[in-house]
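Here is a friendly briefing to read alongside the structure.

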Amino acid sequence: MDPYLDYLQQRWDEGEHSARILHQELLGKGYLGHYQRVKMALAPLRRGLPLDEPRERPPSPREAARWIITNPLRHGPQTAERLRRLLAHCPELHRTHELVRQFASMLDTRDATPLQEWLDQLTNSGLPPLAASATALREDQYAVTQVITTPYNWSCPFSWCRRSEAPIDGQVVCGSVREVWIT
(Lines give C-alpha, C1' and ligand atoms only; values in the text may rest on other atoms or scores of the structure.)
Protein backbone atom coordinates (compact mmCIF):
# COMPACT_ATOMS: atom_id res chain seq x y z
CA MET A 1 0.00 0.00 0.00
CA ASP A 2 2.86 2.40 0.80
CA PRO A 3 3.69 3.26 -2.85
CA TYR A 4 0.07 4.29 -3.40
CA LEU A 5 -0.44 6.55 -0.38
CA ASP A 6 0.46 9.74 -2.26
CA TYR A 7 -2.07 8.86 -4.96
CA LEU A 8 -4.75 8.19 -2.35
CA GLN A 9 -4.05 11.55 -0.72
CA GLN A 10 -4.23 13.31 -4.08
CA ARG A 11 -7.54 11.66 -5.03
CA TRP A 12 -8.97 12.38 -1.55
CA ASP A 13 -8.04 16.04 -1.92
CA GLU A 14 -9.75 16.02 -5.34
CA GLY A 15 -12.97 14.90 -3.63
CA GLU A 16 -13.02 11.12 -4.21
CA HIS A 17 -13.88 9.55 -0.85
CA SER A 18 -15.17 6.13 -1.94
CA ALA A 19 -12.83 3.32 -0.92
CA ARG A 20 -14.38 1.06 -3.59
CA ILE A 21 -13.70 3.51 -6.39
CA LEU A 22 -10.20 4.26 -5.13
CA HIS A 23 -9.50 0.53 -4.84
CA GLN A 24 -10.54 0.06 -8.48
CA GLU A 25 -8.28 2.94 -9.54
CA LEU A 26 -5.36 1.44 -7.62
CA LEU A 27 -5.93 -1.94 -9.26
CA GLY A 28 -5.54 -0.17 -12.59
CA LYS A 29 -2.21 1.20 -11.37
CA GLY A 30 -0.89 -2.24 -10.44
CA TYR A 31 -1.97 -2.51 -6.80
CA LEU A 32 -2.59 -6.15 -5.90
CA GLY A 33 -3.95 -5.67 -2.41
CA HIS A 34 -7.44 -6.14 -1.03
CA TYR A 35 -10.19 -3.52 -0.86
CA GLN A 36 -10.15 -3.72 2.95
CA ARG A 37 -6.55 -2.44 3.04
CA VAL A 38 -7.56 0.63 1.00
CA LYS A 39 -10.47 1.22 3.35
CA MET A 40 -8.14 1.01 6.36
CA ALA A 41 -5.64 3.37 4.70
CA LEU A 42 -8.41 5.96 4.22
CA ALA A 43 -9.60 5.78 7.84
CA PRO A 44 -7.30 8.58 9.10
CA LEU A 45 -8.51 10.88 6.31
CA ARG A 46 -12.12 10.25 7.33
CA ARG A 47 -11.24 11.42 10.85
CA GLY A 48 -9.48 14.53 9.52
CA LEU A 49 -6.01 13.16 10.15
CA PRO A 50 -3.15 12.83 7.65
CA LEU A 51 -2.48 9.52 5.93
CA ASP A 52 -0.08 7.27 7.76
CA GLU A 53 3.45 7.72 6.56
CA PRO A 54 4.90 4.71 4.77
CA ARG A 55 6.48 2.48 7.38
CA GLU A 56 9.41 0.21 6.94
CA ARG A 57 9.38 -3.01 8.90
CA PRO A 58 12.41 -3.27 11.18
CA PRO A 59 14.71 -6.15 10.28
CA SER A 60 14.45 -9.35 12.25
CA PRO A 61 17.57 -10.42 14.16
CA ARG A 62 18.15 -13.15 11.56
CA GLU A 63 17.84 -10.66 8.71
CA ALA A 64 20.26 -8.22 10.39
CA ALA A 65 22.74 -11.03 11.00
CA ARG A 66 22.52 -12.06 7.34
CA TRP A 67 23.20 -8.48 6.24
CA ILE A 68 26.24 -8.32 8.51
CA ILE A 69 27.83 -11.57 7.35
CA THR A 70 27.09 -11.07 3.66
CA ASN A 71 29.79 -9.51 1.52
CA PRO A 72 28.79 -5.84 1.04
CA LEU A 73 29.28 -6.18 -2.72
CA ARG A 74 26.39 -8.65 -2.77
CA HIS A 75 23.92 -6.24 -1.11
CA GLY A 76 21.32 -4.57 -3.28
CA PRO A 77 20.93 -0.79 -2.94
CA GLN A 78 17.92 -1.06 -0.63
CA THR A 79 19.58 -3.60 1.68
CA ALA A 80 22.79 -1.57 1.75
CA GLU A 81 20.85 1.55 2.76
CA ARG A 82 18.85 -0.28 5.42
CA LEU A 83 22.06 -1.79 6.84
CA ARG A 84 23.72 1.64 6.86
CA ARG A 85 20.82 3.11 8.85
CA LEU A 86 20.76 0.14 11.23
CA LEU A 87 24.49 0.44 11.93
CA ALA A 88 24.19 4.22 12.40
CA HIS A 89 21.45 3.60 14.95
CA CYS A 90 23.33 0.99 17.00
CA PRO A 91 27.05 1.52 17.75
CA GLU A 92 27.46 -1.99 19.20
CA LEU A 93 26.12 -3.53 16.00
CA HIS A 94 28.35 -1.22 13.96
CA ARG A 95 31.41 -2.45 15.87
CA THR A 96 30.31 -6.05 15.43
CA HIS A 97 29.90 -5.46 11.69
CA GLU A 98 33.42 -4.03 11.43
CA LEU A 99 34.90 -7.04 13.23
CA VAL A 100 32.95 -9.53 11.10
CA ARG A 101 34.10 -7.80 7.90
CA GLN A 102 37.73 -7.89 9.13
CA PHE A 103 37.50 -11.63 9.77
CA ALA A 104 35.83 -12.17 6.38
CA SER A 105 38.70 -10.28 4.78
CA MET A 106 41.17 -12.68 6.40
CA LEU A 107 39.17 -15.60 4.98
CA ASP A 108 38.96 -14.01 1.52
CA THR A 109 42.70 -13.35 1.33
CA ARG A 110 43.67 -16.55 3.20
CA ASP A 111 45.94 -14.40 5.35
CA ALA A 112 46.00 -15.08 9.11
CA THR A 113 48.64 -12.42 9.79
CA PRO A 114 46.09 -9.93 11.26
CA LEU A 115 44.47 -12.63 13.44
CA GLN A 116 46.28 -11.70 16.67
CA GLU A 117 45.39 -8.00 16.33
CA TRP A 118 41.81 -8.94 15.41
CA LEU A 119 41.51 -11.12 18.52
CA ASP A 120 42.78 -8.19 20.61
CA GLN A 121 40.11 -5.95 19.05
CA LEU A 122 37.51 -8.61 19.79
CA THR A 123 38.63 -8.79 23.42
CA ASN A 124 38.63 -4.99 23.80
CA SER A 125 35.38 -4.41 21.90
CA GLY A 126 33.43 -3.78 25.08
CA LEU A 127 30.92 -6.39 24.00
CA PRO A 128 30.95 -9.38 26.40
CA PRO A 129 29.80 -12.01 23.85
CA LEU A 130 32.57 -10.99 21.45
CA ALA A 131 35.17 -10.96 24.23
CA ALA A 132 34.08 -14.49 25.21
CA SER A 133 34.43 -15.56 21.57
CA ALA A 134 37.95 -14.16 21.51
CA THR A 135 38.87 -16.23 24.56
CA ALA A 136 37.54 -19.39 22.93
CA LEU A 137 39.29 -18.64 19.64
CA ARG A 138 42.60 -18.00 21.40
CA GLU A 139 42.39 -21.42 23.05
CA ASP A 140 42.45 -23.06 19.61
CA GLN A 141 44.28 -20.39 17.64
CA TYR A 142 46.24 -22.95 15.64
CA ALA A 143 43.01 -24.46 14.25
CA VAL A 144 41.61 -21.00 13.51
CA THR A 145 44.77 -20.14 11.60
CA GLN A 146 44.46 -23.38 9.63
CA VAL A 147 40.83 -22.64 8.76
CA ILE A 148 41.80 -19.18 7.51
CA THR A 149 44.76 -20.33 5.42
CA THR A 150 43.53 -23.68 4.08
CA PRO A 151 41.32 -23.89 0.98
CA TYR A 152 37.91 -25.32 1.83
CA ASN A 153 36.83 -26.86 -1.46
CA TRP A 154 37.29 -30.43 -0.25
CA SER A 155 34.33 -32.80 -0.12
CA CYS A 156 34.02 -36.14 1.66
CA PRO A 157 34.37 -39.21 -0.61
CA PHE A 158 31.48 -40.95 1.15
CA SER A 159 28.03 -40.34 -0.32
CA TRP A 160 26.39 -40.75 3.09
CA CYS A 161 28.55 -38.07 4.70
CA ARG A 162 26.67 -34.78 4.74
CA ARG A 163 29.29 -32.53 6.30
CA SER A 164 33.04 -32.34 6.08
CA GLU A 165 35.75 -30.01 7.20
CA ALA A 166 38.82 -28.65 5.46
CA PRO A 167 42.05 -30.62 5.49
CA ILE A 168 44.38 -29.72 8.34
CA ASP A 169 48.04 -30.65 7.96
CA GLY A 170 47.37 -33.43 5.47
CA GLN A 171 44.43 -34.85 7.40
CA VAL A 172 40.79 -34.63 6.42
CA VAL A 173 38.20 -34.69 9.15
CA CYS A 174 34.89 -36.20 8.16
CA GLY A 175 32.34 -34.25 10.21
CA SER A 176 29.57 -36.86 10.20
CA VAL A 177 31.60 -39.71 11.65
CA ARG A 178 34.37 -37.69 13.31
CA GLU A 179 37.07 -39.87 11.86
CA VAL A 180 40.41 -38.63 10.59
CA TRP A 181 41.48 -39.72 7.13
CA ILE A 182 45.12 -39.30 6.21
CA THR A 183 45.44 -37.84 2.71
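This is a predicted model: local features need pLDDT of at least 70, side-chain atom pairs count only at pLDDT 80 or more; totals for chains, interfaces and linings use all residues.

Residues are numbered from 1 along each chain as its sequence is written, and side-chain values use heavy atoms, with hydrogens and water left out.

**Overall layout**

- The protein has 9 helices and 2 strands, where helices (H or I, at least four residues) and strands (E, at least two) are DSSP runs numbered from the N terminus.
- Along the sequence, the elements follow the pattern α-α-α-α-α-α-α-α-α-β-β.
- Of the 183 residues in the protein, 30% are buried; buried means under 20% relative accessible area, exposed over 50%, and partly exposed in between (1.4 Å probe, protein chains only).
- Among contacts (heavy atoms within 4.5 Å) with a separation of 6 or more, 37% are between residues 24 or more positions apart.

- You will find Q9 in helix 1, which spans residues 5-13.
- With a relative accessible area of 24%, Q9 is partly exposed.
- Once neighbours within four places in sequence are set aside, Q9 is in contact with L45 and L51.
- Q9 and L51 are 42 residues apart along the chain, and their C-alpha atoms are separated by 7.1 Å.

**Helix 1 against helix 2**

- The axes of helix 1 and helix 2 (residues 19-28) come within 11 Å and cross at roughly 135 degrees. Axes here are lines fitted to C-alpha atoms, for helices over the stretch in contact, and angles run from 0 to 180 degrees between N-to-C directions.
- Helix 1 and helix 2 are therefore oblique to each other, given that angles under 35 degrees count as roughly parallel, over 145 as roughly antiparallel, 65 to 115 as roughly perpendicular and the rest as oblique.
- On the helix 1 side, Y7, L8 and R11 meet L22, E25 and L26 of helix 2.
- Sorted by class, this contact of helix 1 with helix 2 has 4 nonpolar, no polar and 2 charged residues. Ala, Val, Leu, Ile, Met, Phe, Trp, Tyr, Cys and Pro count as nonpolar, Asp, Glu, Lys and Arg as charged, and the others, Gly among them, as polar.

**Salt bridges**

- Side chains of opposite charge can pair when their charged atoms come close.
- The count comes to 6 salt bridges, each being a side-chain nitrogen of Lys or Arg within 4 Å of a carboxyl oxygen of Asp or Glu.
- R11 pairs with E14 in a salt bridge whose closest N and O atoms are 2.7 Å apart, and R11 is buried at a relative accessible area of 17%.
- In the salt bridge between R95 and E98, the closest N and O atoms are 3.0 Å apart.
- R95 and E98 are separated by about one helical turn, because they lie 3 residues apart in helix 6 (residues 91-109).
- R95 is partly exposed at 24% relative accessible area, and E98 is partly exposed at 31%.
- R138 forms a salt bridge with D120, with the closest N and O atoms 2.7 Å apart.
- That pair links distant parts of the chain, with R138 in helix 8 (residues 128-139) and D120 in helix 7 (residues 115-123), 18 residues apart.
- R138 is partly exposed at 29% relative accessible area, and D120 is partly exposed at 34%.
- Salt bridges that share partners also join R11, E14, E16 and E25 into one network.
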